[in-house]
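Please read the report below alongside the sequence and the model. It takes up a loop, an interface and a sheet in turn.

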Amino acid sequence: MARVNTVLGAVSPAELGFVAIHEHIGYGMPGCELDTKWWKTPEQRYEETVPKLRLFHENAAPYGAATFVDATGICNGRDLDYYKSLSAKTGVHIIASTGFVGGDTALPFFERASIEYLAEQFVHEITVGIGSSGAKAGIIKVGVSRGFKMKELDKRIYRAAARASKATGAPIFTHLAVDVEPALAIFDEEGLPLDRVLFGHADDGVSQGLVNEKAIIAKGGRIGFDTFGYDLELPDPPFWGRHRNERLDHLLTFLNNGLVDSVLASADANCSPLGWPGVKGHTVNYLFEQLLPDLTAAGIDDVIVNRIFVENAAEFLTLQPCI
Amino acid sequence: MALVNTVLGPVDADDLGVTLVREALVNVVPGAQYGYDIRIDRAEVFEAVVAKLTDFKANGGGTIVDANGMFQGRDLALYEALSRAAGVHIVASTGQGPEAMLGGYFLTPQTNPPTPWPAERFAEMFSREVTDGMVVPRLERRSAAGLVATAVTVEGMTPTDESLVRGAARTGLATGVAVLIRCGFDALASLDIALSEGIPADRVVVADLDRNDAVAAGWPAEVARRGAWVSIDHAGSTDPQYVSDAERVALIMFLVNDGQADRVLISSSATGASFGEPGNDMAFSYVLTDFVPQLRAAGLSEATVEQILKTNPANLLSVRK
């Protein structure tokens, strides 16, 4: 039976509708919770978050449903009980992650852990649940630490993720697609089919020239155009921003060269950031307000849009254990 | 009247009684709270720790300092309830360290480049935990921190360790609470860095000085001669990294005979409850029931016992205006 883990329980992939494959309800580096600078009341959190999700739900209505994949890893402010209430009250499917955004966001307890323990952690969160929330993770987050070079802990996490993915069928998505060779080697050694991996942030402004797209595609991996909206045209763009047209053209190159099935797209926006200012005005709804009109204007038809945001995303998220 | 910041508010230093300055009520390796196989049952933790505190009190104890800082399990609401239930004063600490125990927020912030936090930012964060109250993450501030505790990496001081030491020293200077530094590769170098910030030596504790390498290097006597506090804080420990109780007694007798009785602090680094790494089974009462008798047998006078267990910690913990 085909299923996808959402925070409110398993659903059929046919129910997901429009999928934003890499987003955040709220992200913060571990330790930011100690800094009162970023604190907000629960009233503020809901006030900042609920309207964005409700609009996302409305925008996605033509697709039947809206699905928000939260890419916030363990130790980064992931809050399942909160996600459950948001999902229940807005109607947006929320899919939570297990795993880590990168080795540099894994706290000492996990930094000391073996590959086996980390794999067991991920499997438990996918099959039993996260903490006491009862909610199960639907995807595994891994990533490259700051510095554009995979560190030993990053590699340990990738290997554990590969094992957990094979055991549970949950897909993997990465924070950053730079220094991809060690990642490809690990997935290969662990025998994980590469179409279960989405190499994220391949489209950001600081990664250009550092992503071996050919190697990823040759092995059947997927490329994440998932920082849409972090545009240098914004009044105060983040350091990973990129010119809007450049990013769009980058994606169009793939779509116009028969590589539709190799890409997934998203906005990586925070509804209410936890330990950084966030980027004002940037929300998941950029996908509807800017990206879809841009794609239409570039001659990309609804069939292709549907393949990227509905069909391929659903296929990717479906639990596919390799037994 | 000299006041000490406890989790239930300021207390007259004369009321502290026998005080252990380096213990841990609840120890959580950062991140262990998310471990799939770790269950922190607050009722169970309370019951276990309150029993240890009650036993400490029954054996003549008065005050426990949780010197674990702000990110290794500090649970202020629990500590307040424990203090009320056991009738033991509890002093909680701000501070963090060494570098390896920090969250990525402080080490690889979302800036380009990801420059680790400098001393002044740590100083501001720690100082506000004294002046405005200690944080319950993303919720509220509660009582004032009574100590700022940090640590230096045993293999060698990292640049962030240095920022932590400087930030802690500035906190002590600005707020009047004492500074505790768990020593690393070179206790004297770390102490000198703290002192270079202008904090008086008698506001700084160097901890872990009963580690084998610390004793072998002669740091305890040197720390005392510089006017800082010598924390002999593993009474009863069987950890092979630390000297035995017999050697610990000899070290204390040496310091006392060197005229440094007013620089010595004794505790046991007991963990009331521990998650993510094994705790020790040390009772908070061990210093009173087992260690002090060894000191007496070695010839330590009652007056000196009283000074080390009561007067010295009271002086240390009194917030200096």
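## A loop in chain A

Where is A:F148 found? A:F148 sits in the loop between β7 (139-143) and α5 (152-168) of chain A. Although A:F148 is not a glycine, its phi is positive, about 60°. Helices (H or I, at least four residues) and strands (E, at least two) are DSSP runs, numbered from the N terminus.

## Basis of the values

This is a predicted model, in which local features need pLDDT of at least 70 and side-chain atom pairs count only at pLDDT 80 or more, while totals for chains, interfaces and linings use all residues. Residues are numbered from 1 along each chain as its sequence is written, chains are lettered from A and ligands numbered from 1 in the order in which they are written, and side-chain values use heavy atoms, with hydrogens and water left out.

## The interface of chains A and B

In chain A, 32 residues are in contact with 39 residues of chain B; contact means heavy atoms within 4.5 Å. The area buried between the two chains is about 3000 Å², and carbon and sulfur atoms give 62% of this area. Buried area is the accessible area (1.4 Å probe) that two parts lose on being put together, summed over both. A:L34, A:W39 and A:R146 supply 23% of the area that chain A buries against chain B, more than any other three residues.

The rule finds one salt bridge across this interface, where a salt bridge is a side-chain nitrogen of Lys or Arg within 4 Å of a carboxyl oxygen of Asp or Glu. A:R112 forms a salt bridge with B:E277, and their closest N and O atoms are 3.3 Å apart. On the side of chain A that touches chain B, α3 (108-111) and α4 (115-127) of chain A each supply at least two residues. With five residues, α4(A) gives the most to that side.

## The sheet of chain B

Nine strands of chain B form an open sheet with parallel pairing, in the order β12-β11-β10-β9-β8-β5-β4-β3-β13. Two strands pair if DSSP finds at least two bridges between them. The edge strands, each pairing on one side only, are β12 (264-266) and β13 (271-275) of chain B.

Within chain B, β3 (residues 18-28) and β4 (residues 61-66) pair in the parallel sense over four bridges. B:V18 stands opposite B:G61 in β4(B).

## Cis peptide bonds in chain B

The peptide bond from B:G97 to B:P98 is cis, with omega near -5°. B:P98 lies in the loop between β5 (89-94) and α3 (104-107) of chain B. B:N112 and B:P113 are also joined by a cis peptide bond, with omega about -5°. B:P113 is in the loop between α3 and α4 (119-131) of chain B.
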